[in-house]
Amino acid sequence: MTGLIDGNNFFVSCERIFDPALDGKPVAVLSNNDGCCISRSNEFKALGIAMGTPYFELKPLISRHGLILKSSNYELYSDISKRIISLLNRFSPDVEQYSIDEAFIHLDLPQEQNYFDFGCRLRKTVLQWVGIPCGVGFAKTRTLAKIANHIGKKSSSGVFVMPDDPRRILENTPVEDVWGVGRKLAPKLIRQGIRNAWQLSIQDISEITKKHSVLLGKTILELRGTNALDERDPEELSQSISCSRCFGSPVTEFDDLAESVAHYTAAAAEKLRKEQQTAEGISVYFVMYPEYTPVPMAGGINQFSVVFDTPTDDTSKILNAIRPKLASIFHKGRRYKKSGMMFFGLESKHNRQMDLFSAPTKRDDNELGKVIDEINSKFGKGTLFTLAEGINKPWKMKRDMLSGAYTSDWSGLLKVKCK
């Protein structure tokens, strides 16, 4: 049996763990640079404010409806997600994290136990130990578990177990709500007379595959109760690693752009080391705004790539390699909206193919990088960083309504005052 555990309004729920004053209030979390709402409390939804509503449209409603807006606190949300996954491992030997707020579990309970009671106990434990309310759905496949979870979230218990014969449930599930269908595909299926999940499940797989995709054929098998979606190996290594952000305000100075690239590169290099990989090279880019006065100029992207002398995960070596080339993609007088980088040619440090004719080099263990990673893991991200990343970071994305880093930074710990 497959179960899906999905945190309710996850980002908002994370904020409420450490600020009980938010309970019962219309709360929303905003996207990067406080752009638009990406997570809404039930009270916020009840006001009829849609997901994705931009901040400038929300501002006039703040005083009228008592809206509470929060900047995205990804450090906090990521840590809470890890705690939930750790807890789920106590309940199931096979946990498959799907996203920051969703995870599948795979298990077979003894005959004397039932999945509904198990789901209620799991949900209660997650709420008690971590503080996140969640929905739980059980079914034979991941796709059916998604539907079961959706039903469970709307029930008083928060748990739903798909019956052996799911026809009635599937007939009441719009085809656009089926995992793997999507907004673009749903209208095409509806024009073919396929309006609900049951009608999709009885289609001829070969015909559907020809007309649409192999993935949709697998979705039909899943709706019929046959596992057809491949699970990604949690130990599978990344094929590429990238990092980029839009700036909080237009950037015009070269030094600020260079600092941002150094910061993103250091973050990506940390992930390289975590996966025990090295990169053969790096691509770096700056994205420009269009200009309208005094002379119209189109926006665009300038980029370059560097191939390292030897594959590496050493932040200092990588920064030294890209620094001389940064000026070549900078145009003075232009306004920049974003910068980013991507490592390519990733390979495992343990299976590296050496060059027979290259000069002998010292073993590259990058002890400094390991020590920095350990310190940042223990005391919080950004405790140690390269000076090339800058100190004040005026280019960082806007997060004017950011809550504290309650679980990942010592300075962010809640303080208790005793009278």
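Two residues are in contact when they have heavy atoms within 4.5 Å of each other, and in the protein chain 65% of the contacts with a separation of 6 or more are between residues 24 or more positions apart. What you have open is a predicted model, in which local features need pLDDT of at least 70 and side-chain atom pairs count only at pLDDT 80 or more, while totals for chains, interfaces and linings use all residues. Residues are numbered from 1 along each chain as its sequence is written, and side-chain values use heavy atoms, with hydrogens and water left out.

Start with the whole protein chain, where buried residues (under 20% relative accessible area, 1.4 Å probe, protein chains only) make up 43% of the 419 residues.

Now colour Gly 369, Asp 373 and Asn 376, which are buried in H14. Seen down the axis of H14, the buried residues fall within an arc of 70°, so they line one face of the helix; the arc is that of the directions from the helix axis to the C-beta atoms. Turn to the face pointing away from the buried side, and you will find Leu 368, Glu 374 and Lys 378, which are exposed (over 50% relative accessible area).

Notes: Helix = DSSP H or I, 4+ residues; strand = E, 2+ residues; numbered from the N terminus.
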